[in-house]
Each structure stands twice: as C-alpha cells, then as structure tokens.
Amino acid sequence: MRPPDDEEDQNWWFASTAIPLIAASIGPLANVMSIAALITPWRNDIYYDKSDQFGLPVQEGFRDPRWCTALNATSLACGVFGNLFLLCNFTRAVRYIIALPASIILWLLATVILIGITAAMHIYQSPSPGQIYSEAYWSAVIAAVLYFILCIILMINMLGYFLGHYPQHFALTDDQRTLILQTMAFMVWLLVGAAIFQQAIGIPFSDALYFCDLTILTLGFGDITPQDSVARGLVLPYAVIGIIILGLAVGSIHRFGKQLRYENVVRKHIERKRQSTFERSTTYEPRSKEAELKRLGLPSRAMEEPIESTQQTSQISSKSRRRKRPIRSAIGALSRPKLLVMREEKDRFDAMRAIQRETIRFRRWTNLVFIIIIFGIFWSCGAIVFWKLENITYFEALYFGFCSLLTIGYGDIAPKTNAGRPFFFVWSLCAVPTMTVLISEMGDTIIAGFKHATNRVGEWTVLPQSEKHTSILSRFPRIFAFLKHREEKQRIAHGFPIGPDEEQATHPRQSLSDLARTPTPPATQIAQHLVFAIQRVTKDALDDKPKYYTYEEWVEFTRMIRFTDPARQDGLVVDEDEYGILNWDWIGETSPMVASQTEPEWVLERLCESLVRYLAVQEQSRDGGGGGGEEFTLRKERDIGIDGG
C-alpha cells in the first residue's frame, strides 16, 4: 500500500478517479429511492369500480406493518450515513482506510435490510386478492440494487488501493467537486418538488417524484398534470430552477468525461505514437567523431553518454537541468549547413504535426463511439425492462425509449405500472444526460464534418469566398493582373491604401532558405521583436479558434525564446533554467505539441520567460558597471538551439 502523500502515477485510473465520482452520484439517487420507499405504503387496494383519467383502476395505499417501517427507516439511515462517510473521505475529514470501509459496510447493511424486508413482506404480508404492490415497494427493490452496486464498485476501489495502484486519498479537482455538489443539489430539488406537488396535486409521494422528473427533463407525457392555478403557478419557478441545475450537472459530467478520456486514453495514444516515431527517427553523426570531440575538449565516451562531469555542470546555474540525451546530435549539427539542420528539424516537426492531426481525429471518433455504445446500452436494456413491465411489444418499448431520450414526449406510451414508474425515474436520470452528451459529441464530429462540407459547397456555388477564386485565377497571369489592377482602382476610389494588408506587412512569410540565410539580429533588435511577438501571441491565445503555427513561425519564436540562453559554449544543451524551458525536441517528451496548453499559450509563456531573462541580464550588466544592453552577447549562430528551431 502506498502512503497518502505519494505523487506517483495511478495506473488504475478508472478505479481511482471514476469509481468514487460514480459512487458520489449514485449514492444520493439511492437515498431518494429509499425515502420514496419509506414515505409511501408498500401495498395498495385496487378499486375496479373507479377509474382515473387514463381508464385505470384507482389505487389507495394502506398502512404497512410497524416492523417494515422501522427496518425501512434503518436502511435509509444506513444509506445516508454511508453517503456522508464517502463525502468525508473526499474532504479528507476522515481517513481513507476508515471512511471507505464504513461506506461499504453501511451500504451493505442497507442492501441486506431492504432485501430482508421485501422478502419478508412477500412471504408473510403479500398482497391478497384485490391488492397490489405499490411504487414504494419497487422503489425499495431499486434502492437495494443501487446500494449493492455502490458496495461492489467501492470494493474495486479498495482492491486497487491494497494492491498499491494509487494512494489512499481522492485528489478532487474543482470540476469534480462541483459535479458532486450539483448532483446532490439536483436530488434535493427533486425531493423538495415531490413534497410540494404531493400536496398541490394530491398524489402519492412516489407519483410526485415521477412528475418532477418529467417536468425537469422536459418530457411532459401528460399522464400527471397540475389541475388548479396554484399547482400550475408552482410549476413555473420549479421547472426553471430545476432545468438550470440539471444543465449545470450535465455540463459537469461532460467536462469530467472528456477530461478523464483525454488524460487516460488520448494522451496515452499520443505517447505511443510519439514514442514509435521517436524510435524510428535517425540522427546524423559526423564522420570524424574523434576530431569533433577533440575540438570541443570532451572525452571520447561523450559521444555515446550524457555528460556527467562535475566541472562542466558547475558552469550552469544551480537551478538548471541538462538535457538527458547524448551530445552527438549537437556535435553533428556543428559541422553541417544550417539549412540542412533546419530541414531535418522541420521533418521532425511535420511528423509531430501529423501525430497531432491523427490524435484529433482519434479523440473525436473515440468519444463519439464510446458515447454511442453507452447510449445503445441504455436504450436497448431499458427497452427490455419496459417491454416486460408495461406489457407492450419490444418495438413499442424501443420507440418509447427513443422518444424519451430525445425528450420528445408524445405521451401515447407512458409508464403506468407501479414497477415501471420507479424504474423510469432512475433510468431517465441516467439515460437522458447521456443523450445530451451524445449530441454534444456529435457536434465535434458528424456536425462539424457536415458544416465543413456545406461551407465547401457554398464556396464554389452560391456563397463564394474571394480568396478561393483568387488562388485559381492566379494561374492565369493576364486575367489575374487585370483583376488586380481593377481592385487597386476600387481601393483608391474608396480611400484605401495600395499594398498588402497589415498582417502580411508586419509579419511577412519567409521560406526555410530565407530563414537559414538571415543573420541573427543584435540583442536589442530581438528584444524589440520579442515585445511585439508577445502582443501578437496574446491575441492568438485569446481567440476562440485554436491556432496552430507553421514551422517557419516556430523558428522565429525559437530565436526569441533562446537568445537569452545562459548555457556556456561548451557543448552542453540546457533544457531549462530557473526561468523555464529553453530547449525541446519536436517528437520528445517536452515537445510543445504534447503539452496540455494550446500552442499560443505555450509560446506566450516561453516568450515571457525569455523577456524576464533578458531583463535580468540587463540588471546584472548595470550592477557590474557595464554598458547595458550593448554588452549583452548572443550565442553564436552555430548553435542549433537558436536558428535550427
């Protein structure tokens, strides 16, 4: 078993993260079903000579035996305290090794008690002719099933702890804590509404709970409706507040699910692809290794091993960290043309960009397939239960389930049996949010693809974009020159200047050859470009649409990030210093393309670190009596870290 303060990786991610949150969400639902089983009698008298608005015989409940009520209240108390111990475990008010077994034992007691009293009621106090089990009885059965599921999943969580797969605490994020609170608030709101509409409409508590569920989920079957002005007036604020709480809870569930899949599925997929590409990549080595090592003053084994010399590492800041890789890459770069080095780096950049694009497709379609599978399970399995409980065909059950999941609510088929309504209450609270998440995931895949196809059709038909036609007309020089001249006349007539737009004028696109031939500007000029780059990248970071920079843009950013590298010219490559990251490999572990941040956010952070380093050097120059920025020297252009990208 691992100590509480262990910060190592958790390899049973579903058991360590998802299971506790599932338990925290199912626990209040099981408590609600226990309350419905306690408040309402378990047996009803049937009056066949009286009919309700749907033509069904009227039912009226009668008192349960005292032992049944007492044991039912005991099971509810066990369920509530089990939920409280789980919350104390989340907040670390009670130790894991105490709180989690307490929750398991209490929920197991609640399960045993409910099973015992339902079995005893069926054996000794079963309904006589003219009587039937009420919705409360079936609510107790469902509560027992939910408590048993909670016990099983928490046992799995404890098994992972005893096997040492994760430490003995739940490290909740703000989103996860919000999800738990929103789920509890939603269940409390359902109970409050059931207590209100039980009196306002004059129906049993279990039916009032079912009515509140239909109202908040906007199903509206019409089988239970408010009959007077008071009840109708109460529906207005109750429905609005309930829909808001439900929307917040569904949004939190969606964010948690995406975060869980990204951290444990998508990122592992990226790492597998990156590692495979990294292993296939080759590194140039110079023909004369000994000559290069002798020129750098390094021992012969430095070609195959990282530098570990205390004398060399002491030349770097005490907070610096050396790159844990052989120095042969840097040595090979010293004897080759800069353009060749940049082309090889661009190949690695393109390889990582391809992995990034493939990962986006993998993430979108994996999320969609996963949600479709979950939706199919809820839909098909729920239809089986409704088929057996409601005495309808399986096709009708599928039709009813689909209309319910889409919140259409025709009302031609609705749960009418005492067993069907409690099951529908639990099923709908789990299935309808799943459908909402499915629609959201479809927006990232199918709907996004349909939108892209529609835009492509519009670009070449009824709603063309000028730049699309310009790219084609540019192949015909005379026609293109005529249209360009005409456009310039129109711009003059409207008072606009002639020439490229401001973005192209400020940041002209350069080819790889141009970048290789461009000399490194002086430090003061790079510092000025650094400030403008920070302004530009800030706009990209604030934009809602994700920004992906080209390799040529990355080369420009790299120069501004690394021009204040404090490393000596002794062959060492510094990954990061006291201010942050300086060097990276495009397909390495520190690649910006595998970071949790967006590319503009990552670049902005690195540019700010470079500005801080530059100001620190200027301050040291002034304290030492130097001449300020003019005495700040750059690393030589032979350093691949500056011009190689």
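This is a predicted model: local features need pLDDT of at least 70, side-chain atom pairs count only at pLDDT 80 or more; totals for chains, interfaces and linings use all residues.
**Entry 1, overall.** I noted 22 helices and 6 strands as the secondary structure. Of the 645 residues, 42% count as buried. I then looked at contacts between residues at least 6 apart in sequence: 75% of these join residues at least 24 apart.

**Entry 2, a sheet.** I followed an open sheet of 3 strands, ordered β2-β1-β3, with antiparallel pairing. Its edge strands are β2 (57–62) and β3 (131–133), each of which pairs on one side only. On average, neighbouring strands here are turned by 40 degrees against each other, direction ignored. For β1 (residues 43–51) and β3, I found antiparallel pairing over 3 bridges. In β3, I132 is the residue that stands opposite N44.

I found 30 aromatic pairs in the structure. One of them is F400 with F424, a tilted pair at 5.7 Å centre to centre and 40 degrees between the planes. This pair links distant parts of the chain, with F400 in helix α12 (residues 394–405) and F424 in helix α13, 24 residues apart.

I next took W554 and W586. Their ring planes stand at 80 degrees with centres 5.1 Å apart, so I logged the pair as edge-to-face. It also links distant parts of the chain: W554 belongs to helix α20 (residues 551–562), while W586 is in the loop between β6 (580–581) and α21 (599–623), 32 residues away. Both W554 and W586 are buried. I found these two tryptophans in one aromatic cluster together with F349, Y549, Y551, F557, W584 and W602.

R562 lies over the face of W584, 4.3 Å from the ring centre; W584 is one of the cluster residues. Elsewhere, I saw the charged end of K50 over the ring of Y47, at 5.4 Å from its centre.

Is S428 buried or exposed? I read a relative accessible area of 0%, so S428 is buried. S428 is placed in helix α13 (residues 420–444), the helix that also holds F424. Leaving out residues up to four places away in sequence, I listed D213, L217 and P433 as the residues S428 touches.

Note on methods:
Residues are numbered from 1 along each chain as its sequence is written. Side-chain values use heavy atoms; hydrogens and water are left out. Helices (H or I, at least four residues) and strands (E, at least two) are DSSP runs, numbered from the N terminus. Buried means under 20% relative accessible area, exposed over 50%, partly exposed in between (1.4 Å probe, protein chains only). Contact means heavy atoms within 4.5 Å. Two strands pair if DSSP finds at least two bridges between them. Axes are lines fitted to C-alpha atoms, for helices over the stretch in contact, and angles run from 0 to 180 degrees between N-to-C directions. Rings of Phe, Tyr and Trp (its six-membered ring) pair if their centres lie within 6.5 Å; planes under 30 degrees apart count as stacked, over 60 as edge-to-face and the rest as tilted. A charge sits over a ring if NZ of Lys or CZ of Arg is within 6 Å of the ring centre and within 35 degrees of the ring normal.
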